[in-house]
Amino acid sequence: MSTIADNLSALANRIESAARAAGREPASVQLLAVSKTKPASAIREIHAAGVRDVGENYLQEALAKQDELRDLPLIWHFIGPIQSNKTKAIAEHFDWVHSVDRLKIAQRLSEQRPAGLAPLNICLQVNVSGEDSKSGCAPADLPALAKAVAALPNLRLRGLMAIPEPTEDRAAQEAAFASLRRLQEGLDLDCDTLSMGMSHDLEAAIAQGATWVRIGTALFGARNYGPA
């Protein structure tokens with residue numbers, strides 16, 4: 001088997017073990033393959049192994065891959081910071097957006113979602129660690145934002161997303177993910193999604209209810225940020 005196929009098998013085992021340890025069905029946790037900086041050929045390889053959901057952080061890179069892979073029935077997730085001038089293309093070319101953190105962006109996505117497409121699945125990004133360098137709405141602002149986004153046409157509010165401050169401390173990892181879960185539980189809305197957990201902390205995320213884990217390095221290997 002190829003390295004990616006080996007990595008996918010190892011990831012499936014990690015997800016299954018973590019889910020069972022948390023008393024959950026493994027099928028309740030979905031893998032989002034984060035392919036930023038990786039070539040379209042790598043996405044083609046994971047698709048052949050059964051992965052359909054692909055996450056991208058950079059719009060232009062994602063659009064180029066979508067064009068190259070238009071023969072595959074992939075589900076595209078945008079997971080990076082969103083500038084106002086990028087909302088039209090995101091609304092037109094993605095199935096999910098995990099990184100909405102302000103109402104202006106949600107309104108633009110709703111207005112620019114093409115007629116005939118299914119509602120765009122939305123997760124609200126919350127800055128659970130309070131880091132100045134991180135995107136995400138403040139926890140205190142979440143209830144009002146969620147209520148406003150849920151009322152927009154052409155969008156479907158699915159749940160919350162977070163990228164907590166990195167740590168190797170399992171208890172600290174779980175505490176951050178638990179805070180996101182509690183925030184979602186406190187919303188008086190029909191939400192079914194917690195997008196949280198990456199290669200280094202997916203076990204802690206699954207223990208606290210993650211429904212999507214966003215995996216890049218453990219699936220594709222280290223990222224290459226050098227010149228193309």
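This report looks at one helix, the nonpolar cores and one annotated span of a predicted model.

Residues are numbered from 1 along each chain as its sequence is written. Local features need pLDDT of at least 70, side-chain atom pairs count only at pLDDT 80 or more, totals for chains, interfaces and linings use all residues, and side-chain values use heavy atoms, without hydrogens or water.

**Helix 7**

Helices (H or I, at least four residues) and strands (E, at least two) are DSSP runs, numbered from the N terminus. Helix 7 has 16 residues, 170–185. At 1.5 Å a residue it should span 22 Å, and its end C-alpha atoms are 22 Å apart, so the two agree. The expected span is 1.5 Å times one less than the number of residues. At the helix start, a side-chain oxygen of Asp169 comes within 2.9 Å of the backbone nitrogen of Ala171.

Buried means under 20% relative accessible area (1.4 Å probe, protein chains only). Buried residues of helix 7 include Gln173, Phe177 and Leu180. Their cover includes these elements:

| Element | Residues |
|---|---|
| Strand 6 | 155–161 |
| Strand 7 | 193–195 |
| Helix 8 | 202–207 |

**Cores**

A nonpolar core is a set of buried Ala, Val, Leu, Ile, Met, Phe, Trp, Tyr and Cys residues joined through side-chain atoms within 4.5 Å. The largest has 61 residues. Val97, Leu109, Ile122, Leu124 and Leu219 have the most contacts inside it (contact: heavy atoms within 4.5 Å). Helix 1 (residues 3–21) gives the largest share of this core, six residues. A second, separate core of seven residues includes Trp96 and Met161.

**Annotation**

An unreviewed UniProt entry annotates residues 7–223 as "domain: Alanine racemase N-terminal". Such annotations may be inferred rather than shown by experiment. The span is 40% helix and 18% strand.

Key: Buried < 20%, exposed > 50% of the residue type's maximum accessible area, 1.4 Å probe, protein only. Polar contact = N/O pair within 3.5 Å; in protein donor to acceptor, adjacent residues only side chain to side chain.
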